[in-house]
Amino acid sequence: MLLELERATVRFGGRPVLDAVDLSVAEHEVVCVLGPSGSGKSTLLRAVAGLQPLDAGRVLLDGRDQAGVPAHKRELGLMFQDHQLFPQRDVGGNVAFGLRMHGMPRIRQGERVAELLELVGLPGAAGRAVAALSGGEQQRVALARALAPRPRLLMLDEPLGQLDRSLRERLVVELRELFGRLGTTVLAVTHDQGEAFALADRVVVMRDGRIAQSGTPLEVWQRPADAFVARFLGFDNVVEATVTEEAAVTPWGKVPVPSGSAQGARTLLVRPAGVRLVGADEGLRCTVTARTFRGTHVAVHLQPEGAPRLEAACTLRDAPEVGGVVGVSFDAAETVVLD
Amino acid sequence: MDLARTEVTGRAARAGNAARLGLMAVPVAFFAVFFAYPVAAIVARGLGSDGGWRFGRLWDVAAQSDIRHVLWFTTWQALASTALTLLVALPAAYVFARLEFPGKQVLRAVVTVPFVLPTVVVGTAFLALVGRGGLLDDLWGVRLDTTVWAILLAHVFFNYAVVVRTVGGLWSQLDPRQEEAARMLGASRLTAWRTVTLPALGPAVAAATLMVFLFTFTSFGVVQILGGPTFSTLEVEIYRQTSEIFDLSTAAVLTIVQFLAVGAILAVHARTVRRRESALRLVDASVTARRPRGAGQWALLAGVLGTIAVLLVLPLAVLAQRSLDAPGFAYYRALTSDDGNVFLVPPIDAIGNSLEYAVTATAIAVAVGGLAAASLTRRDAGRLVRGFDALLMLPLGVSAVTVGFGFLIALDEPPLDLRGTWILVPLAQALVGIPFVVRTMLPVLRAVDQRLREAAAVLGASPWRVWREVDLPMVWRALLVAAGFAFAVSLGEFGATVFIARPDNPTLPVAVARLLGRAGELNYGQAMALSTILMVVCVVALLVLERLRTDRTGEL
């Protein structure tokens with residue numbers, strides 16, 4: 001393992017911000033830590049970087065304990081949330097900074113800077129002032145600067161946080177491609193699930209300083225570990241349920257569940273695709289409260305009588321009008337028993 | 001379409017220039033009446049003769065070997081003092097900006113105390129420490145008062161706070177993550193500081209260096225006491241020529257020499273500062289300080305605390321000890337008695353006078369200096385505005401003695417007869433305080449991101465509202481520091497005040513000097529007692545200011 005955290009703990013004024021976190025990142029792996037703000041993900045990066053001392057636990061790089069190794073000797077790269085480009089240096093000066101620190105000869109510095117600016121799509125920008133760069137360009141310069149000294153592990157703190165959506169989506173693809181091509185090992189943190197899923201080989205969901213779930217994007221998406229993860233991923237059809245064999249008793253009535261599901265008092269998730277609209281006189285009676293166009297489908301918000309709201313996904317053609325009354329049935333293939 | 005837009009921007013730019021000129025009007029008028037006019041008067045008295053001018057006097061005086069000696073000593077002791085001050089105080093600026101430790105607020109006030117002490121008292125305190133019969137003499141037989149070291153140490157003592165507060169103020173607001181970014185790229189702590197933080201601190205360090213150099217270049221009270229017959233600065237020489245030899249002409253010529261030298265330094269300074277300043281990302285100072293960690297930081301903290309104890313607190317302690325060096329607080333009790341031989345009033349009355357003057361002078365200095373700083377904020381301003389920037393610094397360079405003497409001879413006859421009014425003293429003190437206000441506020445004002453102002457303007461804020469809503473909240477801290485400086489300067493001002501304070505209304509420093517000027521143990525003791533009281537008043541005032549500062553910061 002390139003990076004291992006063993007029960008890493010950081011407390012701010014007695015409150016644990018990182019609570020006995022175990023995490024490992026293999027060589028060439030892209031791991032994305034996903035969590036709401038305040039979940040401790042930035043502190044995790046700072047602890048790995050050596051900018052934040054641990055109160056307990058260990059950080060190991062290539063199996064070596066990093067306690068006592070100062071930040072600048074860890075050979076890690078960190079891209080800050082707001083870039084932190086040096087305002088008093090031009091683009092080339094920023095990218096060359098790490099090379100200078102590592103004592104690279106001036107001639108080679110110039111070559112490497114040009115190479116990296118080429119790589120991030122800003123050829124010939126070395127002489128420009130950082131204040132004159134757009135947000136996307138600053139992003140690219142920050143990336144080039146972090147990559148220049150060839151860090152063992154590249155860490156990204158909300159890498160695309162401040163950019164507009166289309167640029168973000170384009171950059172995510174570029175980053176993924178770039179990391180794949182360079183074989184860079186990456187530990188990124190973000191609160192944006194789209195970003196995490198698009199970028200990562202493995203997603204780690206954090207909550208209140210602890211790891212709530214870890215797995216491939218597909219695993220996490222298909223089987224959220226608990227109600228918190230499910231809601232954080234944007235699933236709102238989550239209720240308490242009692243599972244008996246292949247059916248669950250919920251406030252929405254009886255919902256079929258896949259065979260082999262855990263039994264007893266559980267939390268049940270029904271994906272919007274599993275909420276089928278049927279005739280008003282069949283199934284669960286609901287009133288349509290809202291429709292949201294989502295590009296590939298329409299999200300229909302339904303209010304059953306005396307039960308939590310439901311979200312259904314259907315095609316534009318099938319979407320009922322707001323205020324209409326529909327019936328709902330459930331599809332076992334799209335329900336998940338959590339815990 | 002494009003034409004219309006050009007017209008609008010053109011009009012906006014003109015309106016902006018007009019607004020800046022409007023802001024400048026008050027400071028310019030103030031300086032014309034209370035600075036340029038008195039200085040012109042004294043120069044005319046010195047150089048003018050029967051309607052003509054004798055410029056040749058400049059060369060005659062400068063060519064005298066004793067004057068050349070004074071010029072050389074003035075320059076090199078100022079350079080040495082400045083270098084030594086930076087060396088000792090920059091680590092302290094770091095400690096105050098970046099480390100969190102108990103008693104920091106109090107200590108911040110403590111280091112500022114020397115700066116507000118009258119220079120005469122600083123000199124006397126060091127005499128008591130390193131002079132004949134002083135503490136070091138008693139303990140180890142070490143005497144420094146015959147060497148230049150006494151002067152240099154007293155200058156470090158006096159100017160420590162300038163560096164700590166000017167540099168530390170900006171330092172505490174620099175985003176620590178800039179340094180962390182450098183560290184992640186392989187820079188050691190020291191390299192990260194040298195390559196990232198030091199350049200960002202450049203304007204503040206330059207400002208502090210300039211201030212310290214000018215203070216030590218024009219040092220008066222300290223050199224007067226500790227220099228003896230061997231060491232004399234330009235300022236002391238001007239005073240000697242004015243009050244002992246009554247050679248106003250030579251004094252005026254020396255003033256002009258000093259004027260030119262200071263003008264040259266300021267011109268260089270204005271140029272370098274303008275080139276170095278860049279829009280910094282400022283963050284709230286309360287989030288940048290951390291508990292010390294690692295042996296290095298603890299050692300640094302210990303070193304700074306030790307320096308403060310030996311260099312700053314010890315002289316003050318010796319001073320206080322001397323004031324108590326008589327049974328039953330005899331020196332203090334003597335202050336309240338009106339024996340009529342030194343003053344027309346009991347010496348204790350000087351405290352009330354000093355506070356009254358200082359509050360008034362602070363109000364004037366902050367109002368005038370604040371307007372000046374606001375008008376100078378934009379770096380793309382024209383030549384006229386930049387010249388004004390340099391002009392504002394001149395009262396720092398011109399000797400306080402000249403200001404006081406100029407007031408005395410220029411403002412006591414029509415058209416402007418202020419001789420009988422009490423406002424004369426605060427006006428002179430404000431004049432000396434304004435450069436501090438400008439120098440403290442300008443680096444911070446200029447570091448405010450211009451886009452924030454633009455954002456506010458787009459949201460419908462008038463220029464005044466922009467200043468009120470964007471600049472003020474961000475520079476509030478600097479404004480309070482500036483006010484504190486102005487207050488401190490007024491309270492300790494001696495060179496100018498000694499000329500214009502009326503005998504029945506002495507300020508504390510003037511009273512101390514008069515007591516010191518008289519022989520006798522009781523007079524010396526009373527001077528020590530009054531100085532101690534001044535010290536206590538300063539500590540209290542500064543503590544109040546520090547308290548105010550934290551409360552406001554909590555709100556930001």
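## Report on the predicted two-chain model

Gly274(A) lies in the loop between strand 14 (264–270) and strand 15 (275–278) of chain A. This is a predicted model, in which local features need pLDDT of at least 70 and side-chain atom pairs count only at pLDDT 80 or more, while totals for chains, interfaces and linings use all residues. Residues are numbered from 1 along each chain as its sequence is written, and chains are lettered from A and ligands numbered from 1 in the order in which they are written. Helices (H or I, at least four residues) and strands (E, at least two) are DSSP runs, numbered from the N terminus.

Gly274(A) is buried, with 20 other C-beta atoms within 10 Å. A residue is termed buried if 20 or more other C-beta atoms lie within 10 Å of its own, exposed if 12 or fewer, and partly exposed in between, with C-beta atoms placed from the backbone. Leaving aside neighbours within four places in sequence, Gly274(A) is in contact with Phe330(A), Asp331(A), Ala333(A), Glu334(A) and Thr335(A); contact requires that C-beta atoms, placed from the backbone, lie within 7 Å. Thr335(A) is 61 residues from Gly274(A) along the chain, yet their C-alpha atoms are separated by 6.7 Å.

In a regular strand the side chains alternate between the two faces of the sheet.

**The six-stranded sheet of chain A**

Chain A also holds an open sheet of six strands in the order 6-7-8-3-9-10, with mixed pairing. Strand 6 (76–79) and strand 10 (210–215) stand at the edges with a single partner strand each, so one side of each has no neighbour in the sheet. From one strand to the next the twist averages 20 degrees. Angles run from 0 to 180 degrees between N-to-C directions, and axes are lines fitted to C-alpha atoms, for helices over the stretch in contact.

| Elements of chain A | Value |
|---|---|
| Strand 7 (153–157) and strand 8 (186–190) | parallel, four bridges |
| Helix 1 (41–49) and strand 8 | about 150 degrees |

Met155(A) stands opposite Leu187(A) in strand 8. Besides strand 8, helix 1 lies across strands 3, 6, 7 and 9 of chain A.

**Helix 3 of chain A**

Helix 3 (residues 106–119) of chain A has 14 residues and reaches 20 Å from its first C-alpha to its last, close to the 20 Å expected at 1.5 Å a residue. The buried residues of helix 3 are Gln109(A), Arg112(A), Val113(A), Leu116(A) and Leu117(A). They cover an arc of only 130 degrees around the axis, which puts them on the same side of the helix. These buried residues pack against helix 2 (91–101) and helix 4 (135–147) of chain A. The face turned away carries the exposed residues Ile107(A), Arg108(A) and Glu111(A).

**Chain B and the interface**

Chain B has 23 helices and four strands, and buried residues make up 48% of its 556 residues. The contact takes 19 residues from chain B and 20 residues from chain A. On the chain B side, helix 8 (176–184) and helix 9 (189–217) are the elements that give two or more residues, and helix 8 supplies the largest share, seven residues.

Conventions. Two strands pair if DSSP finds at least two bridges between them. Two residues are in contact if their C-beta atoms, placed from the backbone, lie within 7 Å. The expected span of a helix is 1.5 Å times one less than its number of residues. The arc is that of the directions from the helix axis to the C-beta atoms.
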